[in-house]
Structure formats: structure tokens, C-alpha cells
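I opened my notebook today to look through a new structure. Here is what I looked up, in the order I went.

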Amino acid sequence: MARFCLIALCLFALSACNAPDAGPGVKAFGETVAAASKSAEPEIDRAVAEQTRASVAAAARSGRDIYAAPLGCQDVALSLDLSTVPDDQAVAPCDLTPKVTLSKKRGDAKFAQEGLQTLQDYAATLSAISGSSVAGDVTTNFNAFNKSLTEFAATVNVAPKNAPLNAEQVGALGNLLGTAVEARRRAILERLVSTAHPEIRTIVYELIAHFEIKGDDDMLDAFDRLDAAYGRMTDAQGTSGYLSAVRAYEQEFKRFEKQKAKAQSVKLLAIWRQHQLLLEQVKSRPDAAEIGKLVKQVQALKG
Amino acid sequence: MKKNVIGMATYEELLIVGRAASAELEERADEEPDLSQKKALRRTARDIRSGMTKLRRAQYVELTTPRPGEPSTAGARLRAAVKAAKADLRKLEKAANALKIAANWLDRATKLFRIVA
């Protein structure tokens with residue numbers, strides 16, 4: 001049975017032994033999401049505030065309450081000790097959040113806000129999985145467990161005479177266990193990145209569409225104007241007409257550059273590009289050195 | 001070329017084809033010695049580019065228009081994937097912790113046994 005478990009563990013570790021560490025890719029992706037969020041978030045928040053104001057106005061017109069009773073503020077004012085209240089009487093917030101429920105349909109600012117928040121949560125989860133020390137913890141904890149078990153057996157004087165593994169083998173098994181867990185952690189990361197890939201693209205384009213349709217980015221109009229100026233330049237008659245069209249094109253180009261610098265779409269598209277690199281990284285073939293390391297661990301088990 | 005233009009892949013395909021066609025026409029215009037032909041080629045290239053911005057705009061309208069009966073959004077699917085991955089990682093961490101807890105219990109049992117013995 002023990003032999004079967006060992007073989008199963010080796011096979012699992014070997015089969016799941018995959019790509020080199022995706023840490024740098026995950027870090028770069030997180031930084032790209034952070035940079036795009038820093039720029040896009042305030043604008044989306046403003047749009048959500050606008051949507052809230054419109055919903056509040058609609059609620060007022062239809063005679064619905066805008067604010068709930070300030071029960072949370074009462075708790076604060078009366079310094080109530082709420083540690084013993086049941087969960088269904090949970091602490092109410094003391095803030096000026098309207099009671100209105102914001103629509104999350106496509107095209108709503110709230111839809112875009114959720115999209116951006118999902119990207120942020122995804123980046124944070126990738127970072128947590130990528131930076132997890134679980135594999136090292138398993139090895140450390142397994143070795144600690146084995147040490148404790150040996151001490152216990154010696155103390156109660158029941159040390160097994162025919163121990164299935166010697167000390168060296170136990171150490172090797174701890175390492176192998178850690179390798180298997182590490183392979184599993186990487187498999188989780190790879191599965192998440194692969195599953196997320198098409199969704200990241202759609203969310204990025206949904207966010208770009210939000211900014212373009214709202215008119216904040218206006219990159220399409222800016223390009224139409226630039227291309228029209230190019231057309232006037234190539235159609236111009238006579239040297240002076242041509243030179244004047246050239247100057248107009250140069251001016252239009254400067255306007256386009258300004259528009260591009262403040263557009264969210266450029267930063268948002270960087271998220272998609274970064275994710276393509278990350279996918280390549282997590283899907284790359286196993287490292288020969290890693291397989292070699294695993295083979296050594298398996299050999300150490302043979303004693 | 002697919003006839004169905006609804007859906008991101010087809011928009012993207014059309015835009016990529018348009019991009020290549022426009023670049024090809026500009027290249028031909030560069031090499032064309034006849035001025036009127038050159039201008040005609042450039043105008044056609046611009047028409048294609050203008051069509052491309054219209055196409056992209058149409059896609060943006062589609063991406064920001066509610067779709068009744070849409071089974072799930074990309075955001076919802078990504079949130080589900082994140083949730084599943086978090087649960088998988090928690091399972092691994094629990095396994096690591098279980099070994100630690102077992103080691104702690106054995107240590108306590110050993111100390112207890114030494115006191116009693």
C-alpha cells in the first residue's frame with residue numbers, strides 16, 4: 001500500500017510538473033492592471049456617481065425612499081455594544097449611501113466598474129497563487145511532523161523495529177511531497193490563466209467600449225479627423241496648397257497624440273497584451289532542470 | 001469571410017483584413033507613377049479605414065448594449081474561475097496546515113507523556 005502511494009505521488013508530481021515559475025509574468029500583469037486602474041478608476045467612479053444621481057432622481061420621481069433610517073449612525077451615537085446581537089441584526093453602516101439599486105446592464109457605469117473590479121480581483125488572486133509558500137510549507141511541516149512522530153515514538157518507547165523508511169528517505173519523501181504540491185499550485189495557476197484568457201479580452205474591450213461610447217476617449221473620432229487631414233494633404237493641389245495641408249496634418253497629429261495620451265483604451269489594451277505573455281509563460285514546456293530535480297528526489301526514496 | 005458579423009471574432013477578422021487591404025493600397029499608391037491613379041488608390045484606402053472605424057464603433061455599441069437573455073457575462077465567468085482557483089489553493093493550504101497541526105499535537109502528547117512518566 002505504502003509503495004503504491006509513493007508511486008502514485010511520484011507519478012502525480014511528474015505529470016503535473018510543468019512550466020517554469022510564472023512569477024515575473026504575474027507581477028507584470030498585476031502592474032499593468034494597477035496602472036490602467038489608476039487612470040480608469042476615477043473616471044468610472046465619476047460615471048457610477050452620475051448613474052447613482054440619475055437613479056436617485058428616478059426614485060424621487062416615483063415616490064420611493066432614497067435613504068434608509070440612520071440606524072447605523074444611532075449605533076455609533078449611542079456607543080452600543082453589538083457583540084452579542086444575532087447575525088440577522090448585523091451592524092448597519094453609517095453612511096450616505098442611497099437605497100437605490102444600480103442597474104448592472106451592459107452600457108451602465110456599474111457594469112464597467114464591476115468589470116474593472118473583476119480584473120483587479122483576478123490580478124490579486126494570481127499574485128496570491130503565484131506567491132503562495134504552500135509547497136515549502138508542506139515540506140517543512142512534513143519534516144516537522146516526522147520529527148515529532150519520531151520523538152513521540154522514542155518517548156513512549158514504541159519505535160517501530162521495521163520502519164518502512166529511513167531518515168534520508170523520509171527527507172526525500174518530504175521534498176517529493178513539496179514538489180507534488182508545488183506542481184499542483186502551478187496547475188491551479190495555469191488553469192486559472194487559461195480559463196480567464198478569453199474573458200480578459202472581452203472585459204478589456206467592454207471597458208474600452210465604455211470609455212469610447214461615453215465620449216471620454218474619443219479615439220475613433222480623433223483618428224477619423226487625422227485620416228481626413230491626411231486625405232486633404234494627399235489630395236492638395238499646388239505647392240502652397242500642399243504645404244498648408246501638411247501643416248494642418250501636423251497640427252491634427254499633435255491633437256491625436258494628446259488624445260492618445262489621455263485615452264484609457266491604450267492602457268486597457270496593455271492588460272490584454274500582458275495577459276497574452278502571461279499565458280505563454282504558464283503554458284511553456286517543463287524545465288529540464290526541474291525534471292532532473294524530481295528524478296533525484298525519486299532516486300533518494302529508493303535509499 | 002464569415003457572413004455573420006455579430007461577435008467579437010468576426011469584427012476582429014474584418015478589421016485585420018481591412019488593415020491589410022488599406023496598407024496594400026497605400027503601398028501600391030507609393031509605387032504608382034500616375035498621379036490620378038495614386039490619388040484614387042489613396043482614397044480607396046481611406047474609405048476602407050473609414051469603414052474600419054465605423055465597424056469598431058458598431059462593435060462598441062454592441063458591447064455596451066444590454067442583451068436580454070444573455071446567459072452570463074465575461075465578468076461573471078471570470079469571477080467564477082477566480083472563486084474556484086481560490087478554493088483549490090485553500091485546499092492545498094489546509095493540507096499543509098493539517099501536517100503542522102498533527103505535529104503540534106504529537107509534540108504536546110510527547111511533553112505530556114514525559115510529565116506523566
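Before comparing helices, I noted that axes are lines fitted to C-alpha atoms, for helices over the stretch in contact, and angles run from 0 to 180 degrees between N-to-C directions. Helices (H or I, at least four residues) and strands (E, at least two) are DSSP runs, numbered from the N terminus.

I reminded myself that this is a predicted model, where local features need pLDDT of at least 70 and side-chain atom pairs count only at pLDDT 80 or more, while totals for chains, interfaces and linings use all residues. Residues are numbered from 1 along each chain as its sequence is written, and chains are lettered from A and ligands numbered from 1 in the order in which they are written.

**Entry: chain A.** I found ten helices and zero strands in chain A. Of its 303 residues, 29% are buried (20 or more other C-beta atoms within 10 Å of the residue's own, with C-beta atoms placed from the backbone). I then looked at contacts (C-beta atoms, placed from the backbone, within 7 Å). Among those in chain A between residues at least 6 apart in sequence, 85% join residues at least 24 apart.

**Entry: two helices of chain A.** I picked H2(A), residues 23-61, and H9(A), residues 264-283; they pack at about 160 degrees with axes 9 Å apart. H2(A) and H9(A) are therefore roughly antiparallel (an angle over 145 degrees). The residues in this contact include Phe29(A) and Val33(A) from H2(A), and Leu268(A) and Ile271(A) from H9(A). By class, I see twelve nonpolar, seven polar and two charged residues in the contact of H2(A) with H9(A). Here Ala, Val, Leu, Ile, Met, Phe, Trp, Tyr, Cys and Pro count as nonpolar, Asp, Glu, Lys and Arg as charged, and the others, Gly among them, as polar.

**Entry: where the chains meet.** How many residues does the contact take from each chain? I read 48 from chain A and 41 from chain B. H6(A) gives the most to the side of chain A that touches chain B, with 16 residues. That side of chain A divides into 21 nonpolar, 13 polar and 14 charged residues.

Entry: H7(A) and H2(B), residues 35-63 of chain B, pack at about 175 degrees with axes 11 Å apart, so H7(A) and H2(B) are roughly antiparallel. Among the residues in contact are Asp224(A) and Asp227(A) of H7(A), and Arg42(B) and Arg46(B) of H2(B). I noted nine charged, four polar and two nonpolar residues in the contact of H7(A) with H2(B).

Definitions and conventions. A residue is buried if 20 or more other C-beta atoms lie within 10 Å of its own, exposed if 12 or fewer, and partly exposed in between; C-beta atoms are placed from the backbone. Two residues are in contact if their C-beta atoms, placed from the backbone, lie within 7 Å. Angles under 35 degrees count as roughly parallel, over 145 as roughly antiparallel, 65 to 115 as roughly perpendicular and the rest as oblique.
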